[in-house]
Amino acid sequence: MAIIPIIYNNVMAERRVRVRFAPSPTGPLHIGGVRTALYNYLFARQHGGDFIFRIEDTDSGRFVPGAEEYIVESFNWLGVKFDEGVGFGGNHGPYRQSERRDIYREYVKVLLDAGKAYIAFDTPEELDAKRQEIENFQYDAKTRGMMRNSLTMPKEEVDALIESGHPYVVRFLIEPGEDVHVDDIIRGDVVINSSILDDKVLYKSADDLPTYHLANIVDDHLMEVTHVIRGEEWLPSAPLHVLLYRAFGWEDTMPRFAHLSLLLKPVGNGKLSKRDGDKLGFPVFPLEWHDPKSGEVSSGYREKGYLPEAVLNFLALLGWNPGEEGSEMLSLDEMVKLFDLSKCSKNGAKFDFVKAAWFNHQYMIRREDCEWAPEFGKVLAAQGIEATAEQMTEVVRMMKMKVIEYVDAQGNKKKRNISFVSDLWPLTRFFFVAPTEFDKEDKFVKKNWKETTAEEMKQFASVLETVADWSVEGMKAICDPWVEESGVKPWNAWRVCLVGEGQGPDMYELAAFLGKEETLRRMAFAVEALN
RNA sequence: GGCGAUUUCGUCUAGGGGUUAGGACACAUGCCUCUCACGCAUGGAACACGGGUUCGAUUCCCGUAGUCGCUACCA
C-alpha cells in the first residue's frame with residue numbers, strides 16, 4: 001500500500017489516496033460518466049489508493065428503478081473494479097446516501113447551531129413569483145432579508161411552524177464580498193467572488209434528505225476522500241464546496257479538486273447527448289438500456305460489438321494524453337502507470353466514433369484467435385449455426401482482419417475494417433453457408449468470370465479431384481504445378497465459386513476448411529449458376 | 001443577461017519566446033498480394049482575431065469573438 005504525501009494549505013500530511021465515483025441512479029450511465037470513473041480508477045490504482053462507489057440518490061423524485069444495477073453491470077463489463085462502496089463492502093458505510101439521513105441531519109444541525117445556515121419557508125411557488133418579479137433574482141445577502149426565513153421571522157413562529165410539520169429547507173448563509181479560491185489540479189487557481197453565489201439549499205424537510213452539496217461534502221469528509229475528480233459542470237459550485245468545508249472546520253483535510261473537461265458531440269456544437277448517438281448510429285451508453293417508463297431502447301457499446309478494453313482505451317485518450325509519440329494502444333495497466341491528472345486537457349473533446357471503431361478493430365485483431373469462441377459462438381447461434389471451438393478459432397484466424405462493406409449515414413457504400421464483434425457474421429457467413437446465387441453485376445464477379453472461366457474451373461476441379469491429401473500443402477503440391485503449366489490463374493474465379501464475392505481468406509485455406517466434397521460441390525454449382 | 005472555463009491540422013492531441021510546429025484517427029497515393037484487409041512508405045492538412053511586451057510571439061499580458069458549463073427544494 002503506497003501512501004503519498006499530500007499538501008494541504010502548505011501542511012504536509014500523509015493520507016492514503018481515496019477517490020470516489022458517485023453517480024445518481026437517474027438513468028443509464030452516460031459514456032462521459034464512464035470516463036470520469038475511469039480517471040478516478042486510474043488515479044487510485046496509480047497511488048495504491050482506494051476507489052469508492054457511492055450512490056447519490058438524494059433526489060427521490062428522479063429515482064429510476066434498475067439504474068443502479070445498470071451502473072454496476074456496466075463497470076463489471078468494463079473491468080473497472082471498486083474497492084469499497086455499495087455492494088463492495090468497506091467500513092465507511094452506508095454508501096447509499098438515502099441510507100445516511102441520520103448523519104446528514106446531525107451535520108445540518110451543526111451548521112444551524114453555528115449560525116452558518118438558516119431555515120427558510122419560502123415555497124417553490126413563492127420563489128418562482130420572486131424570480132418573475134425581480135430580474136436575476138438570487139437568494140443571497142441582498143435578498144434574504146425580504147424572504148420568509150429564520151433570519152426575518154421571530155423564533156417562536158419558526159419553532160411553531162417546524163413543530164406543526166410545515167415544510168422548510170435549510171439554506172447555507174453565504175458571506176458576500178469574498179474571493180474564494182479553488183485550487184484545481186487541472187486548471188490551477190480558480191477565483192470566484194462569494195457575492196455571486198446564492199444561499200444554496202442544503203436540506204429539504206419534505207423528504208428529509210440533503211441536496212447534493214451538503215451530502216457530497218459530508219460524505220467526502222467522512223469517507224476520507226482525498227481527491228475529487230469530477231466533471232467540469234461542478235466547477236461553478238466548487239467555491240460553495242470550499243466554503244462548506246470551511247464552515248465545518250474541515251479545511252485542513254479538504255480534498256484536492258480536479259475538474260475534467262466535458263465530452264462534446266462529434267459534429268456541430270454542444271454536449272454529447274443521447275440524441276446524437278441515435279442520429280449518427282453510435283452508442284452513448286456502455287450497455288443497452290431499456291427505459292422502464294417509456295419502453296425506449298438505447299444502444300450500448302457491449303451490444304454493438306465493442307470490446308471493453310477498446311472502449312476504455314479510447315475513452316482514456318479523450319482528454320488525456322501521455323504525451324509520448326507512437327502507439328496509442330494502451331492497456332489498463334499501462335494507463336495506470338502513465339496517467340497524470342495535470343496532463344488532462346482543459347478543453348472539451350469532440351467524441352470521434354470513427355476512432356473508437358479503429359481502437360476496437362485494433363483490439364479485435366490483437367485478440368488471441370482461441371479467445372473468440374464465446375462471442376463468436378453467440379453470433380453464430382443467432383444464425384442457427386453450431387460450430388466447434390476449433391472451427392471458430394480457425395475461422396477467426398483466417399478472417400479477423402478483413403473488411404466489410406457498409407452504407408454510411410449519407411447512403412454511400414463504403415468499406416471499413418472489421419471493427420465489431422457483430423461484423424463477424426456477414427464476413428464469415430460463407431464458411432458455413434454456401435452461396436446460393438451470384439450477382440453477375442458485382443464488380444469482382446464481372447471482372448473475374450469471363451467467357452472461358454467456366455471451362456477453366458471445370459479443369460481446375462478435375463485437378464482438385466486428384467488431390468488425396470486435402471490440406472493446404474497437399475493442394476499446393478498438386479495444383480501449383482498445374483497453374484504453372486496451364487497458365488490459368490484460378491484464384492479469383494475460385495473465390496467466386498466458394499465465397500460468391502471478392503472477399504475472404506487465402507483460397508487454399510478456405511478450401512481446406514470446407515473440405516473436398518463441399519469445395520467441389522460449390523464449384524460445380526457456380527459453374528452451373530453462372531452460365 | 002451574470003459568473004466561470006476554454007480556443008494548435010477535419011477530429012483527438014504534443015510542444016513551447018527563435019522548431020521544416022511533432023504524433024494518432026480520417027483522407028489520398030504507392031509498395032506488398034489469388035480478393036479485401038493487415039503491414040510498410042509517401043503526401044495534403046493547424047497555432048481564432050486585434051492590440052501590446054520583446055531584437056523576435058503560435059508560446060507571455062490585455063481585449064474581442066467563438067465554444068462549453070453553471071445560474072433549481074437536479075445531480
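1. Start with helix 1, residues 31-46, in this predicted model. Helix 1 lies across strand 3 and strand 4. Against strand 3, its direction is turned by about 165 degrees.

2. Three strands make an open sheet, in the order 3-4-5, with parallel pairing. Strand 3 (18-21) and strand 5 (84-85) stand at the edges with a single partner strand each, so each has one side left without a neighbour in the sheet. Strand 4, residues 50-53, pairs with strand 5 in the parallel sense over 2 bridges. If you want a spot to check by eye, look for Ile52, which stands opposite Glu84 in strand 5.

3. For contrast, have a look at strand 8 (residues 179-184) and strand 9 (residues 188-193). Here the pairing is antiparallel and runs over 6 bridges. The two strands form a hairpin, with 3 residues between them.

4. Now step back to the whole chain. Chain A comes to 21 helices and 19 strands. Its radius of gyration is 32 Å, whereas the globule rule gives 24 Å for 531 residues, so chain A is more spread out than a compact globule. The C-alpha atoms fill a box of roughly 110 × 50 × 35 Å along the principal axes. Buried residues account for 35% of the 531 residues. Take the contacts between residues at least 6 apart in sequence: 73% of them join residues at least 24 apart.

5. How is chain A divided into domains? Domain 1 is written in two stretches, 4-86 and 216-263. Domain 2 covers 101-210, domain 3 covers 368-430 and domain 4 covers 443-529.

6. Of its 11 residues, 8 are buried, so helix 6 is largely enclosed by the rest of the structure. Which residues of helix 6 are buried? They are His213, Leu214, Ala215, Asn216, Ile217, Val218, Asp219 and Asp220. These buried residues pack against two helices, helix 3 (101-113) and helix 7 (238-248). They also pack against strand 10 (201-204), strand 11 (209-210) and strand 12 (227-231). Just after helix 6, Glu224 takes a positive phi of about 55 degrees.

7. Finally, a loop residue: Leu272 sits between strand 14 (263-264) and helix 8 (274-280). Is Leu272 buried or exposed? It counts as buried, because it has 20 C-beta neighbours inside 10 Å, and 20 is enough to meet the cut-off for a buried residue. Leaving out residues up to four places away in sequence, Leu272 touches Gly32, Leu263, Leu264, Lys265, Val284 and Phe351. One of these, Gly32, falls within helix 1, residues 31-46, where this note began. Phe438 is another matter: Leu272 and Phe438 are 166 residues apart in sequence, and their C-alpha atoms are 43 Å apart in space.

Definitions and conventions: Residues are numbered from 1 along each chain as its sequence is written. Chains are lettered from A and ligands numbered from 1 in the order in which they are written. This is a predicted model: local features need pLDDT of at least 70, side-chain atom pairs count only at pLDDT 80 or more; totals for chains, interfaces and linings use all residues. Two strands pair if DSSP finds at least two bridges between them. Helices (H or I, at least four residues) and strands (E, at least two) are DSSP runs, numbered from the N terminus. Domain bounds come from an automatic or database domain assignment. Two residues are in contact if their C-beta atoms, placed from the backbone, lie within 7 Å. Axes are lines fitted to C-alpha atoms, for helices over the stretch in contact, and angles run from 0 to 180 degrees between N-to-C directions. The radius of gyration is taken over C-alpha atoms; the globule rule is 2.2 Å times the number of residues to the power 0.38. A residue is buried if 20 or more other C-beta atoms lie within 10 Å of its own, exposed if 12 or fewer, and partly exposed in between; C-beta atoms are placed from the backbone.
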